[in-house]
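Me: I would like to go through this model in questions and answers. Here is the entry.

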Amino acid sequence: MSHSVHFQARGRTAVVGCTLLVIALGAGTTACGGGDDDPLAAAPYDAAGNISFNGPKDAGKKADPDKPLEVVAEGSDGRITDVTARDATGRYLAGELSADGARWHSTSPLAANASYTVRVSTENADGAPGRKVLTFDTGKPTTKKRLDIAFGPQAGTYGVGQPVTAELSRPIKDPAQRTTVERALRVESTPAVEGAWHWVDDKELHYRPKDYWPAHATVRARSTLEGIKIGDRLWGGRAKELKLTTGDRVIAVTDASSHTMTVFRNGEEIKQIPVTTGKPGFETRNGVKVVLGKEPFVRMRSTTVGIAEGSSEAYDLPVHWATRVTWSGEYVHAAPWSVGSQGSANVSHGCTGMSTGNAEWFFDNVREGDVVEVVNSYGDTMETFGNGFGDWNLDWDKWQTGSALTGGTQPKDTARLSPSL
């Protein structure tokens, strides 16, 4: 739609410039006593005889949505100055006009089973404007292959760090097809913020703002891809619209060097908690993580993270008030067995441990999507994708390189060690 609007703007600029010139000439002519021969003084002529298009000519026939739309200026005494095409739902069809005004063609796919209205502006050799409105319908796709989209997470209220996800039913590898898909995925928030999609892989995209979402915002995700041709024998399918809201801006910053977690709500410090993080060889990941879920009780066994049963590092523990931040098993949780080290030493196997009372308080005061950031640990940086939501560990410029609309190569992970509150 943006390309279409831009093109129309250029077309309008060309026409307005011509009009201003003629007005100026007309004013001079009027001063001399004659202005009746101004070619633009009359109403626009019907340009039906001066243009053709490759749509169906017979009643009841439908255009093939696999083929681009083309409008051509017939003869040598006129040219096309502007073309606007859109379907009955309001979707514009992007297009491109040749430099000589002889031909316009669509540059984005037509929708299937759609009704289009095409408004063509022309100009003859004398500068007089012509107009023609064309209408046509497109037919059914020639295949039943569809690309369906599932937005995530589920509708509800989340923290300000929660990305929006889009799961595709089929892999999309081709850059041009990715552009078509991404252009149809819309995310809008109130209040409005700048954001972008990032292709995680061939079947998954994440959307996040430049900074965290505003507190108490409304976020909506929807798709306009239905009926749009994506590629050979592949068409856009349906997607259920998603609505999310955000709660307070809750950010917990764990400083592994000072063994302290500081919790902020809406920029104000509300609690400081003595903690212990990962000991040498099991260092807690640095960087920004997002709360994935909460479990009042979980059994933690070392065998699930590759520590052999019976080894010196083996464990099998009942754990209460566990707040998950990675899929691989990193939690913020109650660790009554390490209270003597909390606030003074790092003795865990990678989780952030605290007293039972503090863990229950943390459990009760955070929700999915809230931000947990670890700084000054000797651990690796949180993975950007695949182990939770490490999306915020990419700065904004590198995040945008994962968009098919802005282009670029996949960025490497980088740590963001200064907390953003």
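Me: Which ring does Arg-208 lie over, and at what distance from the ring centre?
Reply: The model is a predicted one. In it, Arg-208 is placed over the face of a tryptophan, Trp-399. The distance from the ring centre is 5.0 Å.

Me: Is Trp-399 buried or exposed?
Reply: The cut-off for buried is under 20% relative accessible area. Trp-399 has a relative accessibility of 0%. Trp-399 therefore counts as buried.

Me: Which residue forms an aromatic pair with Trp-399, and what is the geometry of the pair?
Reply: The partner is Phe-385, at 6.1 Å centre to centre.

Me: Where in the chain do Phe-385 and Trp-399 lie, and how many residues apart are they?
Reply: Phe-385 belongs to the loop between strand 27 (371-375) and helix 4 (396-400), while Trp-399 is in helix 4 itself. The pair links distant parts of the chain. Their separation is 14 residues.

Me: What does Phe-385 count as in terms of accessibility?
Reply: Its relative accessibility is 21%. Buried would require a value under 20%, and exposed one over 50%. Phe-385 therefore counts as partly exposed.

Me: How many aromatic pairs are found in the whole structure?
Reply: The search covers the whole structure. The number of aromatic pairs it finds is eight.

Me: What is the geometry of the pair of Phe-53 and Phe-136?
Reply: The two ring centres are 5.9 Å apart, with 45° between the planes. This aromatic pair is tilted.

Me: Which parts does the pair of Phe-53 and Phe-136 tie together, and how many residues apart are they in sequence?
Reply: Phe-53 is in strand 2 (residues 51-53), and Phe-136 is in strand 8 (residues 129-137).

Me: Are Phe-53 and Phe-136 buried or exposed?
Reply: Phe-53 has a relative accessible area of 12%. For Phe-136 the relative accessibility is 5%. Phe-53 is buried, and Phe-136 also counts as buried.

Me: Which residue lies over the face of Phe-53?
Reply: The distance to consider is 5.3 Å from the ring centre of Phe-53. The residue placed there is Lys-57.

Me: Which residues do ring pairs link into a cluster?
Reply: The cluster is held together by ring pairs. Its members are Phe-151, Trp-197, Tyr-207 and Trp-213.

Me: Where does Thr-254 lie, and what is its relative accessible area?
Reply: Thr-254 is part of strand 19 (residues 250-255). Thr-254 is buried, and its relative accessible area is 0%.

Me: Which residues is Thr-254 in contact with, leaving aside its neighbours within four places in sequence?
Reply: The contacts of Thr-254 include Thr-260, Met-261, Val-275 and Thr-277. Others among them are Thr-352, Glu-373, Val-374 and Val-375.

Me: Which residues of helix 3 are buried, and what arc do they cover?
Reply: In helix 3 (residues 356-365), the buried residues include Asn-358, Ala-359, Phe-362 and Phe-363. They are on the same side of helix 3, because the arc they cover around the axis is only 140°.

Me: What is the mean pLDDT of the protein, and where is the pLDDT below 50?
Reply: The mean pLDDT is 86, and 85% of the residues reach 70 or more. A pLDDT below 50 is found over residues 1-36 and over residues 408-421.

Key: Residues numbered from 1 in each chain as written. Predicted model: local features only at pLDDT ≥ 70, side-chain atom pairs only at ≥ 80, totals over all residues. Heavy atoms only, no water. pLDDT = per-residue confidence, 0-100. Contact = heavy atoms within 4.5 Å. Buried < 20%, exposed > 50% of the residue type's maximum accessible area, 1.4 Å probe, protein only. Helix = DSSP H or I, 4+ residues; strand = E, 2+ residues; numbered from the N terminus. Arc of directions from axis to C-beta. Phe/Tyr/Trp six-rings, centres within 6.5 Å; stacked < 30°, edge-to-face > 60°. Lys NZ or Arg CZ within 6 Å of the ring centre and 35° of its normal.
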